[in-house]
Amino acid sequence: MKTKICHYCGEPFVDSHGNLRYCPEKNCAYEVKKLRSIHQYANKSLQADQVWSNEKILRDYYFKYGPNTEIDPDELEAAGFDFDLNSEERKVDNLVIFCMRKFGFSFLKNKKIILWKLS
Ligand SMILES: [Zn+2]
């Protein structure tokens with residue numbers, strides 16, 4: 001039996017198992033799980049925001065340049081486009097389209113990209 005300090009509330013408790021990090025009597029372990037879930041939820045909604053802002057950038061550029069204009073991907077990145085974001089992929093005529101809701105883009109062999117309006 002060892003006295004330890006709870007990682008959540010900072011109070012001492014007696015660890016009868018030898019591997020506890022939170023007070024066994026209080027709800028500390030539960031509170032930690034709850035906090036983690038809230039953070040995960042926040043991350044998810046943050047990602048949803050980023051999909052939305054990515055789509056907005058694609059839409060702006062699509063209406064500025066049209067469907068067949070080759071664009072330097074650096075230009076989108078400079079506008080705030082996040083290429084790391086996971087997106088749905090579709091394959092059309094040997095081109096992979098990375099989709100952000102209603103708009104998408106494809107990489108070309110010359111390192112440019114073209115934009116798509118999806119139906
Ligand atoms: Zn505690």
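Which residue in β2 is the bridge partner of isoleucine 5? The partner is proline 12. The views below are taken from a predicted model.

**View 1**
Strands β1 (residues 2–5) and β2 (residues 12–15) pair in the antiparallel sense over four bridges. Strands of a sheet pair through backbone hydrogen bonds, and the pairing can be parallel or antiparallel. Six residues lie between the two strands of this hairpin, and glycine 10 has a positive phi near 80°. Isoleucine 5 lies in β1 and, leaving out residues up to four places away in sequence, touches Gly10 and Pro12. Is isoleucine 5 buried or exposed? Isoleucine 5 is exposed, because 12 other C-beta atoms lie within 10 Å and a residue with 12 or fewer counts as exposed. From isoleucine 5 to threonine 69 the chain runs 64 residues, and their C-alpha atoms are 62 Å apart in space.

**View 1. Helix α1 from end to end.**
Helix α1 covers residues 28–65, which is 38 residues. At 1.5 Å a residue the helix should span 56 Å, and its end C-alpha atoms are 55 Å apart, so the two values agree. Lysine 33 lies in this helix. With 12 other C-beta atoms within 10 Å, lysine 33 is exposed. The C-alpha atoms of lysine 33 and aspartate 60 are separated by 41 Å, while the two residues are 27 apart along the chain. Just after α1, glycine 66 takes a positive phi of about 85°.

**View 2. The buried residues of α1.**
Which residues of α1 are buried? They are Cys28, Asn54, Ile57, Leu58, Tyr61 and Tyr62. An α-helix has 3.6 residues a turn, so residues three or four places apart point the same way. The buried residues of α1 pack against α2 (73–78), β4 (95–100), β5 (103–107) and β6 (113–117).

**View 3. The sheet of four strands.**
The strand order in this open sheet is β3-β4-β5-β6, with antiparallel pairing. The edge strands, β3 (88–92) and β6, each pair on one side only. From one strand to the next, the twist averages 30°. α1 packs on the sheet and touches β4, β5 and β6; the direction of α1 makes about 75° with that of β5. Strands β3 and β4 run antiparallel and are joined by five bridges. Glutamate 89 has phenylalanine 98 of β4 as its bridge partner.

**View 4. The largest nonpolar core.**
The largest nonpolar core holds 14 residues, of which Leu58, Tyr61, Phe103, Phe105 and Leu115 touch the most other members. At least two residues of this core come from each of α1, β4, β5 and β6. The largest share, four residues, is supplied by α1. Setting aside neighbours within four places in sequence, phenylalanine 103 is in contact with Glu55, Leu58, Arg59, Tyr62, Leu115, Trp116, Lys117 and Leu118.

**View 5. Methionine 100 in β4.**
Methionine 100 belongs to strand β4. Why does methionine 100 count as buried? Methionine 100 counts as buried because it has 23 C-beta neighbours inside 10 Å, and 20 or more is the cut-off for a buried residue. Apart from neighbours within four places in sequence, methionine 100 is in contact with Val51, Asn54, Glu55, Leu58 and Ser87. Asparagine 68 is 32 residues from methionine 100 along the chain, and their C-alpha atoms are separated by 18 Å.

**View 6. Two loop residues with positive phi.**
Most residues other than glycine have a negative phi. Asparagine 94 has a positive phi, near 70°, and is found in the loop between β3 and β4. With 6 C-beta neighbours inside 10 Å, asparagine 94 counts as exposed. Lysine 111 also has a positive phi, near 70°, and lies in the loop between β5 and β6. With 10 C-beta neighbours inside 10 Å, lysine 111 counts as exposed.

**View 7. Confidence along the chain.**
The protein chain averages a pLDDT of 89, and 100% of the residues score at least 70.

How values were computed:
Residues numbered from 1 in each chain as written. Predicted model: local features only at pLDDT ≥ 70, side-chain atom pairs only at ≥ 80, totals over all residues. Expected span 1.5 Å × (residues − 1). Contact = placed C-beta atoms within 7 Å. pLDDT = per-residue confidence, 0-100. Core = buried A, V, L, I, M, F, W, Y, C linked by C-beta atoms within 7 Å. Pairing = 2+ DSSP bridges. Axes fitted to C-alpha atoms, helices over the stretch in contact; angles between N-to-C directions.
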